[in-house]
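Subject: Handover of a protein model

Dear colleague,

Please find below the sequence and structure that I am passing on to you.

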Amino acid sequence: MQEGCSGCQGVCRFLAHGYRGRMADVVAEVAGRTLKLTNLEKVLYPSGFTKGEVIDYYRTVAPVLLPHLARRPVTRVRFPHGTTGASFFEKNVPAGAPPWLQRQIVDGSEGEVVYPLVDGVPALVYLANLAALELHSTQWRTPDPDAAVRLSPEVLVDQVVVDLDPGAGVTMPLIATAALLVAGELGAAGLAAFAKTSGSKGIQVYAPVQPTPAGDALGYVQGLAEALVSRHPELFVTAIGRDARVGRLLLDVNQNLPGRTTVSVYSLRARDTPTVSAPVTWEEVEAAADGAQLSFTAPEVLARVESRGDLFSGLLAQRRGVLPARP
């Protein structure tokens, strides 16, 4: 059995009608592309959030998400049986992907990888229909999707990220305090800092920069991390081992390697509830340092976008900072 609907809003109307029983597949026209959406009532989160709701979330958040994904290779974490089931990390374009899905060939240490580029709502909906709950992207944008990119320290990044990964026993007030310290260091270097939740446990601090070789960007962030560890050894570590992180935060600088991807802003995360890697204001981070909540689910993020717009739009600004020499 199939049901047709015009545009993704048709899918939403289908779901809103409360169809129950054995779920039919839905054929939808999404911005001029025909997509078959399957198992829309399948529960993917223990809280009851369904695959249809995942698709609807990504369709609705697309206007603010897509500019951040534009021309960035995207890796996905897929959960075909929901967040409590087995998952797998996917880099290459899936077998059987539609020919209109834009590709980017990247030549790195693993050989040639063909990543998808998420350039529109159809691509976003297509991946969501595969239960690709998490979308992770590079810190660089491809200059030409028709030309292969060879990963090297010379690849030009346009943003840097400091990922604050809490160890055992670290709670949000301490994470938020650490994020404020990172932002202060970036500000002192003349860089604008923007924060988002990881959607899991931590906070990630970004700064937009003029196109900079990835090797130089990594060197700068490594120097920043070493300076923070020197000044606040009771708070920060750069050692990856879990024992070293107990009661402290790992400053994960390797997210700036050209071959790495970081969870995208507005991406869902695979938790018990559909939490999102959500942009936040520094006032909210300050409040979290005093004990306020700093975690947002998909419905909450959509409401925030509707009322406040894209709080991460500063990452898209034409005016970008000049990355200073390594601290």
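A salt bridge is counted here when a side-chain nitrogen of Lys or Arg lies within 4 Å of a carboxyl oxygen of Asp or Glu. By that criterion, a search of the whole structure finds 13 salt bridges. Side chains of opposite charge can pair when their charged atoms come close.

Before the details, two notes on the source. This is a predicted model, in which local features need pLDDT of at least 70 and side-chain atom pairs count only at pLDDT 80 or more, while totals for chains, interfaces and linings use all residues. Residues are numbered from 1 along each chain as its sequence is written, and side-chain values use heavy atoms, with hydrogens and water left out.

Overall form

The protein chain contains 8 helices and 16 strands; these are DSSP runs numbered from the N terminus, helices being H or I with at least four residues and strands being E with at least two. Along its principal axes, the C-alpha trace spans about 65 × 45 × 35 Å. For 327 residues, a compact globule would have a radius of gyration near 20 Å, and the protein chain agrees with this at 20 Å. That radius is taken over C-alpha atoms, and the globule rule is 2.2 Å times the number of residues to the power 0.38.

Of the 327 residues, 52% count as buried (buried means under 20% relative accessible area, exposed over 50%, and partly exposed in between, with a 1.4 Å probe and protein chains only). Among the contacts with a separation of 6 or more, 66% come from residues 24 or more positions apart, where contact means heavy atoms within 4.5 Å.

Salt bridges

Asp158 takes part in two of the pairings described here. Its side chain meets that of Arg72 in a salt bridge of 3.0 Å, N to O. Asp158 lies in strand β10 (residues 156–166) and Arg72 in the loop between α2 and β4, so the pair ties together parts that are 86 residues apart in sequence. Are these two residues, Asp158 and Arg72, buried or exposed? Both are buried.

Asp158 also forms a salt bridge with Arg141, with the closest N and O atoms 3.1 Å apart. Since Arg141 lies in the loop between β8 and β9 (149–150) and Asp158 in β10, this pair ties together parts 17 residues apart in sequence. Arg141 is buried as well.

Glu284 and Arg304 are both buried.

Sheets

Strands of a sheet pair through backbone hydrogen bonds, either parallel or antiparallel. Two strands are taken as paired if DSSP finds at least two bridges between them.

Strand β8 (residues 132–137) is joined to β15 by 2 bridges, and Ser137 stands opposite Thr262 in β15.

Another open sheet has 6 strands in the order β13-β14-β10-β12-β11-β16, and its pairing is mixed. Here the edge strands are β13 (236–237) and β16 (279–280). Between β11 (residues 194–197) and β12 (residues 203–213), which run antiparallel, there are 4 bridges; Lys196 has Gln204 in β12 as its bridge partner.

β6 and β7 form a hairpin with 2 residues between them. These strands run antiparallel and are joined by 6 bridges, Gln104 having Tyr115 in β7 as its bridge partner. β6 is also joined to β9 by 2 bridges, this time running parallel, and Val106 stands opposite Val149 in β9.

Val93 lies in the loop between β5 and β6 (103–108). Where its relative accessible area is concerned, Val93 is buried at 15%. Beyond its neighbours within four places in sequence, Val93 is in contact with Arg76, Leu101, Arg103, Val114, Tyr115 and Pro116.

Yours sincerely
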